[in-house]
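Me: I would like to learn how to read a protein model step by step. Could you take me through this one slowly?

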Amino acid sequence: MLDKNVFKQAVIKHLHSTLGTDENKADNHAWFKAVSAAIQELVLERLRSTQKTHYLNDTRAVHYFSAEFLMGRLLSNNMQNFGLFETADTALQELGVSLSDVLEEEPDMALGNGGLGRLAACFIDSLATMDLPAIGYGIHYEHGLFRQEIKNGGQIERPDSWRDYGNPWEICRPESIQEISLYGYVETKYGDDGKIQKEWHPGSIVQGVPWDIPVVGYGGGTVNVLRLWQSKSSGYFNWDVFNAGGYVDAQRENIQAETISKVLYPNDETEAGKELRLIQQYFFSACSLKDIIRRYKRAHGDDWSRFAEQVVVQLNDTHPAIAIPELMRILVDRAELDWDSAWAISTKTFAYTNHTLLPEALEKWPVRMLEKILPRHIEIIYEINHRFMQEVENKWPGDNKIKAKLSIIEEAGEKMVRMGNLSVIGSFAVNGVAEIHSKLVKQNLFPEFDQLYPGKLTNVTNGVTPRRWLKACNPLLSDLISKKIGSDWPLQLDKLDAISALADNKTFQNQFMKIKQKNKQILADEILKLTGIKVDPKAIFDIQIKRLHEYKRQHLNLLHIMALYRRLLEDPNYDMHPRVFIFGAKAAPGYTLAKTIIYAINKIADKINNDSRVNKKIKVVFLPNYRVSLAEKMIPAADVSQQISTAGKEASGTGNMKLALNGAVTIGTLDGANIEIAEEVGEDNIFIFGNTVEEITALQSKGYKPYDYYYKNSELKAVLDWLDSDYFTPGRPGALSSLKDSMLKGGDPYLVLADYDSYCEANIALDEAYGDSAKWAKMAILNTAKMGKFTSDRSVKDYVERIWKLDPCTVDK
Ligand code: 9GP
């Protein structure tokens with residue numbers, strides 16, 4: 001690898017010959033570009049070796065299809081993974097440049113909404129680190145998730161322009177452009193052998209231009225690729241369709257082609273329900289399949305028999321599920337395989353991950369939309385369904401209820417294609433993302449599928465990469481850990497358990513908590529810079545960071561904050577440790593109540609922070625534009641991790657893992673991966689509260705009555721009523737009433753009120769525990785120590801062994 005002087009020379013060479021500037025003129029952005037270019041030279045060298053090795057070994061590879069990859073920044077990560085971070089730091093210092101200022105110049109690659117997209121980013125990091133042949137496939141959105149500004153307390157969405165000044169990592173590959181078809185009609189013909197043949201005459205053709213982002217494994221051995229497709233007009237104009245009267249169809253291409261990869265849908269957990277969204281899904285799935293097939297054919301020609309041996313495609317949620325009929329179309333219409341052979345190949349190729357049980361997030365597309373956009377695919381879907389219905393009939397003869405439930409086509413109301421059912425039927429493995437979630441997938445979402453295909457439905461608990469989420473984001477703690485237990489923990493996270501033995505050791509406790517204190521000071525400075533709010537780093541830093549959604553219950557946190565505020569007003573000596581409640585969250589632009597919750601947090605924050613009667617005890621901070629790079633600053637500074645979703649609603653969560661890994665203690669419900677975190681850290685080191693899934697089901701089946709809780713608890717009633725006043729929104733009475741209404745008149749769909757009491761109790765227990773500094777230090781240390789299970793390397797290993805069946809392939813250095 002590079003030594004300091006060679007590195008300096010490389011950076012200066014790029015300042016001069018790539019950027020046309022010099023050391024005296026260069027600003028931080030130019031330094032960022034030059035440093036990135038120097039690193040990219042190494043990256044590309046390793047990328048070339050990796051690709052050559054994979055090609056020569058004709059390796060089986062996993063193809064991770066995901067509409068979202070939330071990569072964040074890459075420079076620091078790539079330097080860390082090459083072991084060059086310290087070298088770069090000293091080299092730049094000697095050049096009079098601050099590495100941390102340079103790192104701040106990199107825009108986040110925010111091509112995802114939240115957990116699902118960030119999980120994909122962690123998985124491709126682990127795949128490269130573990131020398132596994134893999135490629136990520138997604139969309140090269142021109143605009144990633146919107147930039148959030150807060151104006152007068154409310155969220156404003158601004159376009160995210162991550163590539164405005166170029167991106168140093170991506171490589172355009174025009175030699176691998178793919179063309180895909182849309183619209184038009186299907187012609188039925190008879191071949192010479194009398195067999196029916198189908199020919200799709202598309203109304204328009206769109207080009208997919210691939211951009212490759214290298215994915216550097218830790219240690220720099222393997223560099224895999226994330227291939228993102230940008231849409232482009234092909235300039236094709238279909239005379240056939242035009243002459244047949246399809247004027248609009250024939251011209252649609254030019255208007256739409258470049259729109260396809262324009263923006264990431266800013267939805268999280270909700271169905272987008274837009275034609276463009278379906279086109280996006282088809283666009284990247286079809287380009288990616290073509291790319292895979294091109295590569296396969298280069299090695300195996302037209303012999304399809306080995307396709308499923310070489311290729312496994314993981315569908316990240318149902319977003320790429322249209323790849324299933326697309327592969328069938330290619331095999332049946334193009335390669336002219338008979339249906340059964342094609343289906344055998346296809347169902348050995350795909351595996352599907354389910355990430356949610358929320359009904360509104362389970363994708364369905366109107367049949368008429370598919371008929372229009374993908375007329376051949378809807379025919380194939382009907383054929384898949386027809387054959388599947390025969391299987392159902394064999395298993396449950398005459399049971400039309402089960403047929404209606406399992407059918408890919410939903411017939412009640414407007415006819416819809418259920419992408420979840422299609423994914424289960426068309427895949428050889430289906431997994432949920434945490435134990436409880438996978439259990440609910442089996443029990444509630446797809447119980448009959450579980451009976452029909454025993455063993456197909458399984459669990460792979462999520463994980464996060466410890467390289468980014470501890471080593472890089474928390475250098476002080478990482479160094480301390482490495483000094484105590486050696487430096488191989490980023491590759492073998494189980495080794496962290498060795499620090500459990502130090503959990504009672506006073507010196508270690510002091511060292512550990514001193515680092516937390518320093519990280520809190522750094523975050524306090526950042527808070528001041530971003531919001532003008534001064535917070536005391538000695539206070540408890542209590543953090544809730546995630547997308548804004550009612551099921552995640554930021555409003556439960558808020559009700560408790562309001563209750564503390566009241567308690568302090570009523571009793572100025574109310575005994576509590578000073579606490580700073582810190583939020584980061586984006587709301588989907590069309591999700592009105594979520595935006596109201598952001599507004600409420602900000603308005604309540606204004607009031608509390610400026611009320612000298614209480615602001616030594618509580619402060620509330622909403623950090624705007626929550627994103628990966630901000631998470632990297634917040635997580636190391638957290639004392640408390642809020643994971644308070646309604647039980648059964650959060651499939652897994654991954655922020656919960658990152659925060660605990662950095663020594664935050666969780667206050668959480670028995671939901672998602674919280675349950676497994678609790679198992680690992682032990683009940684003494686986590687604050688669990690609230691109704692369980694079973695209790696919630698029972699409450700709902702006997703008729704849940706939020707008003708009962710409202711009238712029973714005078715404090716809860718008072719804080720809810722407070723929302724009706726203009727206390728927090730001077731001159732705008734009722735501006736927060738819709739929030740109260742959602743929990744009373746609206747029926748409180750996420751059972752906030754049912755969990756309120758036990759949440760308050762858990763908070764009291766937490767406050768008491770914090771008062772005992774040795775006890776708290778021990779809890780924090782054990783949280784870090786016990787997170788070994790939650791490395792994404794373990795998740796990937798589970799996928800590899802149980803689903804993907806991949807062998808590692810090391811790349812010579
Ligand atoms: O809501 C889940 C979240 O709990 C999980 O951690 C993440 C990764 O598996 O996926 C989220 N689901 C979605 O974003 C959409 O289904």
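**Strands, domains and ligand**

Reply: Let us begin with a pair of strands: β15 and strand β17 (residues 416-418) pair in the antiparallel sense over three bridges. Strands here are DSSP runs of E with at least two residues, helices are runs of H or I with at least four, and both are numbered from the N terminus; two strands pair if DSSP finds at least two bridges between them. The model is a predicted one, in which local features need pLDDT of at least 70 and side-chain atom pairs count only at pLDDT 80 or more, while totals for chains, interfaces and linings use all residues. Residues are numbered from 1 along each chain as its sequence is written.

Me: Which residue stands opposite Arg418 in β17?

Reply: Lys364 is the residue opposite Arg418.

Me: In what order do the strands of this open sheet lie, and which stand at the edges?

Reply: Strands of a sheet pair through backbone hydrogen bonds, either parallel or antiparallel. Here three strands form an open sheet with antiparallel pairing, in the order β15-β17-β16. β15 (364-366) and β16 (409-410) are at the edges with a single partner strand each, so one side of each has no neighbour in the sheet.

Me: Which open sheet has parallel pairing?

Reply: An open sheet of six strands, ordered β22-β21-β20-β23-β24-β25, has parallel pairing, and its edge strands, β22 (618-622) and β25 (687-688), each pair on one side only. Within this sheet, strand β23 (residues 640-643) and strand β24 (residues 665-668) pair in the parallel sense over four bridges, and Val640 stands opposite Val665 in β24.

Me: How is the protein chain divided into domains?

Reply: The bounds come from an automatic or database domain assignment, which gives domain 1 (58-73 + 108-145 + 157-397 + 418-453) and domain 2 (467-691 + 751-786). Their centres, taken over C-alpha atoms, are 37 Å apart. Counting residues as in contact if their C-beta atoms, placed from the backbone, lie within 7 Å, 30 residues of domain 1 are in contact with 22 residues of domain 2.

Me: Where does the ligand lie, and which residues are closest?

Reply: Both domain 1 and domain 2 give residues to the shell around the ligand, so the ligand lies between them. The shell takes in residues whose C-beta atom, placed from the backbone, lies within 6 Å of the ligand; 18 residues surround the ligand, and the closest are Gly115, Leu116, His355, Thr356 and Ser652.

Note on methods:
Contact = placed C-beta atoms within 7 Å.
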